[in-house]
Amino acid sequence: MWYTLPAEIGTRPITVIGGGTLGRRIALMLSLRGAEIRIFDTNLDVARAAVEFIEQERPAVAASFDGAPAGELTTSDDLAAALRGAWLVVEAVPEKLELKKKIFADLDRLAEPDAILASNSSSFATAEFMDGVNSPERVLNMHFYMPPAARSVELMSSTSTDPRIFDLLTAELPRYALVPHLVREQSTGFIFNRIWAAIKRESLAVVAEGVAEPEDIDALFADLFKADAAPFRFMDQVGLDVVLDIENHYSELEGRPNKVAPLLQEYIDKGWLGVKSGRGFYNDYA
Ligand SMILES: NC(=O)c1ccc[n+]([C@@H]2O[C@H](COP(=O)([O-])OP(=O)(O)OC[C@H]3O[C@@H](n4cnc5c(N)ncnc54)[C@H](O)[C@@H]3O)[C@@H](O)[C@H]2O)c1
């Protein structure tokens, strides 16, 4: 099917699917050019909380950036209405493959024919949820980290994405205070998460073998890389149960045993999940 790139993108709405942790942060950034931002969430209370979050956080972000005054922020639980006129749709629903497949089939059917359809999935390539999609050339991975604090966005093809979409987004995203990076080949974990996975894995192995304590490794990172986000502090922030799920996913895909699972499981079994449970590798989150 012939695909025409969206036109007049500065004035058309943008729709974010899912207004949770990432959806609301993505919506905040995409509001910086002044267009109408629509948040579609099956839980309208979450969508409304997302709008409150954006209204609260936007002034500080906008102050450091020469953007436009806020456009309208709307919530919806009617997907067709939420998509009408939108040139860009970013999906940020929970990390469940069947759910993503269903949503992308709906988006493909209901969005404007020229709308770009993007997924913020951290571990699934959009190539994995094309079953019900008739125009995969307008679908891509658009992976954010934790905006507004982190503003990098990794762009990866669905394997069929129209290359002009990468040109368009690479030119456009800086207008929303975002920093695009092109993922040049299919890669689980994109660019940074994949590298970070290796760092986490080896850091855990070093502790599991009794070579060092978590504090030693974090201190080395702090000194050598001048980094605040040292591996064990960072894992505590993410949650050790989530770290285990992510590493299980990588080891499954790569067909190797998850050697660091026992150490993580030991902490998880004690209820030491990191910041969210008050204790993880560190015990100073009270
Ligand atoms: N949390 C992170 O640090 C992070 C970082 C980068 C990428 N991601 C990715 O972002 C996505 C969302 O993660 P999150 O942490 O924001 O999740 P979350 O659970 O905080 O938010 C998901 C939202 O989706 C809504 N939802 C569920 N089903 C829906 C549907 N059918 N239609 C519309 N909305 C629906 C839920 O009500 C919820 O508000 C995942 O794919 C995840 O991999 C997360």
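The model is predicted: local features need pLDDT of at least 70, side-chain atom pairs count only at pLDDT 80 or more, and totals for chains, interfaces and linings use all residues. Residue numbers start from 1 along each chain as its sequence is written. Helices (H or I, at least four residues) and strands (E, at least two) are DSSP runs, numbered from the N terminus. Helix 1 gives the largest share of the ligand shell, three residues.

- Two strands pair if DSSP finds at least two bridges between them.
- Strand 1 and strand 4 run parallel and are joined by four bridges. T15 stands opposite V89 in strand 4.
- Two residues are in contact if their C-beta atoms, placed from the backbone, lie within 7 Å.

**Strand 6**

- Six of the six residues of strand 6 are buried, so the rest of the structure largely encloses it. A residue is buried if 20 or more other C-beta atoms lie within 10 Å of its own, exposed if 12 or fewer, and partly exposed in between; C-beta atoms are placed from the backbone.
- In a regular strand the side chains alternate between the two faces of the sheet.
- V139, N141 and H143 are buried on one side of strand 6, and L140, M142 and F144 on the other.
- Strand 5 pairs with strand 6 in the parallel sense over three bridges. A118 stands opposite L140 in strand 6.
- Strand 7 pairs with strand 6 in the antiparallel sense over five bridges. N141 stands opposite M156 in strand 7.

**Helix 1**

- Nine of the 10 residues of helix 1 (residues 21–30) are buried, so this helix is largely enclosed by the rest of the structure.
- The buried residues include R24 and R25.
- Their cover includes strand 1 (14–17), strand 2 (37–40), helix 2 (44–63), strand 4 (88–91) and strand 6 (139–144).

**The ligand shell**

- Of the 23 residues around the ligand, G18, G20, T21, L22 and S122 come nearest. A residue is near a molecule if its C-beta atom, placed from the backbone, lies within 6 Å of it.
- Helix 1 and helix 4 (97–110) are the elements that give two or more residues to this shell.

**Nonpolar cores**

- A nonpolar core is a set of buried Ala, Val, Leu, Ile, Met, Phe, Trp, Tyr and Cys residues joined through C-beta atoms within 7 Å.
- The largest core has 52 residues. V16, I26, A27, L88, V89, V90 and L117 touch the most other members.
- A second, separate core of 16 residues includes V243, I246, V260 and L273.
- Leaving aside neighbours within four places in sequence, A27 is in contact with V16, I37, I39, A50 and I54.
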